[in-house]
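Visitor: Please show me the model. I would like to go through it by question and answer.

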Amino acid sequence: MNLLSLNNLSLSIHNFQILKGVTFDIAAGEIVAVTGESGSGKSMTALAAMQLLPQGAETTGHITLGDQDLTTLTESQLCGIRGNEIGMVFQEPMTALNPVKTIGNQVAETILLHERTSKAEAGKRAAETLTRVGLPQDRFPLSRFPHELSGGQRQRVVIAMAIARHPRLLIADEPTTALDVTTQAQILDLLTRLAREDGMGLMMITHDLAVVADMADRIIVMRNGEVVEQGETKTLLREMHHPYTRMLFAASSHKVTLPESRATGPLLEVKGVCRDYRTPRTTFFGQPGHFRAVNNVSFTLNRGERLGLVGESGCGKSTLTRALLGLEQVQKGTITLAGEPVFTGNKPNLAVRRHMQVVFQDPFGSFNPRHRVARQITEPFHLLDDPPTGAARQKAIDEALTAVGLKPSDANKYVHEFSGGQRQRIAIARALIIRPDLILFDEAVSALDVSVRAQILDLLVDLCAAYDLSYLFISHDLSVVRTITDRVLVMKSGEIVEQGATEDVFTAPQHPYTKTLIEAAPVLPEIQGLTA
Amino acid sequence: MLRYSLKRLLSLVISLAVASLVIFAVIEVAPGDPASFMLGMNAQPETLAALRSELGLDVSKPERYLAWIGGMLTGDFGTSYTYRTPVAEMVTQRLWVSLPLALYALTLSTLIAFPAGIYAAARRGRAGDIGVMGATQLGVAVPNFWFAMMLVLLFAIKLRWFSAGGFAGWQDGPWPALRSLTLPAVALALPQAAILARVMRSALLDVLGEDFIRTARAKGLTARQALWRHGLRNAMIPVLTIIGLQFSFLLAGGIIIEQVFYLPGLGRLIFQSISARDLIVVESVTMLLVFAVIFVNFAVDLAYAAVDPRLRART
Amino acid sequence: MNRNLIFGGALSAIFIAAALISFVWTPYTYTGMNIPDRLLPPGGAHLLGTDHFGRDILSLIMVGARTSIAVALVAVGIGISLGVPLGLWAAARRGSLVDEIIMRGNDLVFAFPSLVIAILITAVFGAGAINAIIAIGIFNIPVFARITRGAALSLWEREFILAARVAGKSAARISFEHILPNVTNLLIVQGTIQFSLGILAEAGLSYVGLGAQPPTPSWGRMLADAQTMVSIAPHMALMPGFAIILTVLGLNLMGDGLRDYLDPRLRVARA
């Protein structure tokens, strides 16, 4: 008996087709992963199952829960089902909770909505549910407000709200995407445990195939609003009939071969760097406190070397990046590029900066929407005493764009005409145009779909061969760092806890934290004969 | 919470101090000597000197500022140059008109705006929303004193439900007084209600787009329940800000409306004093108005903290 | 193009055109008193009637539009030219003492409603259109400073600003090269709204005698004149009132329309 059946479900919003004939089932107690890249329609499938679609959405086909066709129910009947028979967990725990209500209140609300019971009884049940999701009452009383909890803890509260009434089906839409890798592992364990204990169907929406392969009983692969392939996890991984499925898995475990590193002398030298932030005063007339975001960090990056820096959010890697760029002054220690300090007096040392460029994470926020590509990528020329003009400038633009796989004619377009992956290529062109000695990649591929990410990684390899790049690759994504760097630093709470040759660190981590990180990271099973 | 309040209080005191300096400085720039203005061209030098000393004009500027501020703090607002009566007395009398008028208008404005804004937000894009928004668009464009004239024309001259102006006073109980404040309050309130309703609607719509509203819907709340239980309180911060700002507009707007209805409030006092160059009255009444505005904003800041637990925790 | 923008723009254009035409032509001379023709109702030779001196109300409204538009426009100009740089500066030095002083200063100005500023100025320098401009203009400064700073703050967090900093550009240069163009839309919309508020404020100030002085015609003064006549000649109050309402309505609708038109998110949705 199927718990949830989607039968030939199509959906359009304002006449724009989102889903096309989606058909699949979820059985009671079964964990089903729906996966695909952005635009595949996986999240909209989840919202359709909840019947929480945006305005202007029109559906055809059927969504059956047990023996009820959800598409035929009235809104008030649906309200009786949501939270009661279907629970849902969302991607962004930081905003999924009402900031002005206590967590107890919000969990109890689910219970009070669907049962006639006293507030006290609902509160007691809320406490039990919170304990069950790993928020015991002695440390997380009902009176806590969301802002007093971390992201992972908030996600537990959201899960508690979703399962408080023991629904038959739980839908989790990218529940761990916003979380750190160690927290992710805990939340995934929790979801699996709850599904197994309660015999609850779990629809897991995720873009991360490694997560899928670990926990799902069945996998549904979607692309452009259609199901391209579905099947038992083991069978699907073994057979992979559809070329898109193959491409997706190949891209997810994409490995590149860096050209041999010809590391010569030290290029970037970081010695005993500390970076403090002021925290608000704790007493009215007291001194402001200090928070040490980067603590006594030392390392060297050699010319021609590809160095990685991994760590979870809040570990200080962004702060360190800003300090390396000379954007902020450090409180202790020295940072030098080819022997010259990046920060002199109270000012960034622009003479050094011209040898250093950066590529950021967000392919959408990295560009001024009002300027054309040519103006965007030539911005670093500002650092040169004698920037090229006229034909020389044009030649530099053409070369940079060609080097990253774009056309010289793209220079006259605006960035909104490009896809995310193309924008990231433009960002790399901007970094390359003054031929810097060092490039910092700050989570540069983290926001990209796996297939695009694979292409950008290939591009980096090509550029390494062509330009003898030296770079620092900062990322939370262990699998990417593993393939694209020669040596790696592991950062935790503002300190470098381990460093060494990348393969050595990954195969034989020394520090307990590195071990935890590597164990927590979900990995795809080795699949033979895949090429992206 | 205590630290937050203390911080706000400190900022209140600093604002008041700076505001009083500004007002004092501006009035000081005024050309002409009030004493010679009062006595006319042919005054005897001795009389002039005596009056100057009586008015406290014969000491240095810092001393005069301190005397003025010290007086204000102890309730002594100085003596009117023209009437020779204590300003405090004159102001108290007028406050009994202006303050009730502003509060009356604020109450009306809130009572109209909240339901209208909530209704429009709940029916976003539908006929009800478009109707309410059209009405507010018009309401925002109407000058309140013109609206007041129209109210007089309709309700006082044509229908004779209210008197066209004047103030009945509080001596016969609240009803006659409130009755004579009703048309002025309506005239003040409706344009403000239009603004407030628009703010309420857009604040609610912003909140209704937040993730936690979707979470609430996923629990099984209806759209209406989600709006009332989760939307409203989160939308209150921008709304409170506007209510705070509106109080100052209502006090100031009251000055103009008092002219339309011949109400003996602070507004009339100010205009009489300006034409009589009774600058000490202008100075003190302006300070009082500014104090009211700053104080209301302080109260709004405290209200934020009551609404938002994140503010209670921080700072 | 949307309906708000077309309708609001047309309304505003009519009044701006009326103000401009009044420089070269009005149906009657607006100073011409003609006691026998006083208090004529609308229609006939005087389209909108005459006032208690027999002056043609349409002519007065046309010339009055000049005063209203000039006062409001210059006041918005003051607000933008002082408020926007202050807002940009505060955002560039966010969290610093400069920022704190600018923002506290803003709060302080907000404590002086424009009417109170006008009262203070009038008490000291006497009444006049210039004082109305200054009073409304001062009140506009914190409005623009605040909105600029708010928008600029979120822009400073964006990565393209970080990229510009990496390219070694100074905060001032980034403010004008990257921040300002990205807040322009917002400023245009707010400018339209402040323009309409300025017209309302000018009318109020003139009504209580703190604005334009006779013989300069202004809508607020026409209403002040109409007050004593309202029972016998309501058109004297109605006509200038409609002029104010339609102008303000037009500008507000245009502001809403511009906001929708200039918002790139909405434009993408439409495409």
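**Guided questions**

Guide: Chain B has 13 helices and zero strands; helices (H or I, at least four residues) and strands (E, at least two) are DSSP runs, numbered from the N terminus. This is a predicted model, in which local features need pLDDT of at least 70, side-chain atom pairs count only at pLDDT 80 or more, and totals for chains, interfaces and linings use all residues. Residues are numbered from 1 along each chain as its sequence is written, while chains are lettered from A and ligands numbered from 1 in the order in which they are written.

Visitor: What share of the residues in chain B is buried?

Guide: A residue is buried if 20 or more other C-beta atoms lie within 10 Å of its own, exposed if 12 or fewer, and partly exposed in between; C-beta atoms are placed from the backbone. The C-alpha atoms of chain B fill a box of roughly 85 × 55 × 35 Å along the principal axes. Of its 315 residues, the buried share is 41%.

Visitor: Among contacts in chain B between residues at least 6 apart in sequence, what percentage join residues at least 24 apart?

Guide: Two residues are in contact if their C-beta atoms, placed from the backbone, lie within 7 Å. For chain B, the percentage is 70%.

Visitor: Which element gives the largest share of the side of chain C that touches chain B?

Guide: The contact takes 30 residues from chain C and 37 residues from chain B. Elements giving two or more residues on the chain C side include helix 3 (97-110), helix 4 (114-125) and helix 7 (171-207) of chain C. The largest share, eight residues, comes from helix 9 of chain C.

Visitor: How do the residues on that side of chain C divide into nonpolar, polar and charged?

Guide: Ala, Val, Leu, Ile, Met, Phe, Trp, Tyr, Cys and Pro count as nonpolar, Asp, Glu, Lys and Arg as charged, and the others, Gly among them, as polar. On the side of chain C that touches chain B, the division is 23 nonpolar, six polar and one charged.

Visitor: Which elements give two or more residues to the side of chain A that touches chain C?

Guide: This contact takes 19 residues from chain A and 15 residues from chain C. The elements on the chain A side are helix 11 (350-353) and strand 18 (356-359) of chain A.

Visitor: In what order do the strands of the six-stranded open sheet of chain A run?

Guide: Two strands pair if DSSP finds at least two bridges between them. The edge strands, each pairing on one side only, are strand 6 (86-89) and strand 10 (226-232) of chain A. The pairing is mixed, and the order is 6-7-8-3-9-10.

Visitor: Which residue stands opposite Ile31(A) in strand 8 of chain A?

Guide: Strand 3 (residues 31-35) and strand 8 of chain A pair in the parallel sense over five bridges. Opposite Ile31(A) stands Leu202(A).

Visitor: What is the hand of the crossover from strand 7 of chain A to strand 8 of chain A?

Guide: Asp173(A) stands opposite Ile205(A) of strand 8. The chain crosses through helix 6 (residues 181-198) of chain A, and this β-α-β crossover is right-handed. A crossover is right-handed if, with the strands pointing away from the viewer, the path from the first strand over the helix to the second runs clockwise.

Visitor: Are the residues of strand 8 of chain A that point one way and the other way buried or exposed?

Guide: In a regular strand the side chains alternate between the two faces of the sheet. Gly201(A), Met203(A) and Ile205(A) point one way, and Leu202(A), Met204(A) and Thr206(A) the other. Six of the six residues of strand 8 (residues 201-206) of chain A are buried.

Visitor: Which residues touch the most other members of the largest nonpolar core?

Guide: A nonpolar core is a set of buried Ala, Val, Leu, Ile, Met, Phe, Trp, Tyr and Cys residues joined through C-beta atoms within 7 Å. Leaving aside neighbours within four places in sequence, Met203(A) is in contact with residues including Val32(A), Val34(A) and Ile171(A). Of the 343 residues in the core, those touching the most other members are Met203(A) and Ala148(B).

Visitor: Which residue stands opposite Asn7(A) in strand 4 of chain A?

Guide: A four-stranded open sheet of chain A has the order 2-1-4-5, with antiparallel pairing. Strand 1 (residues 2-13) and strand 4 (residues 57-65) of chain A pair over eight bridges. Opposite Asn7(A) stands His62(A).
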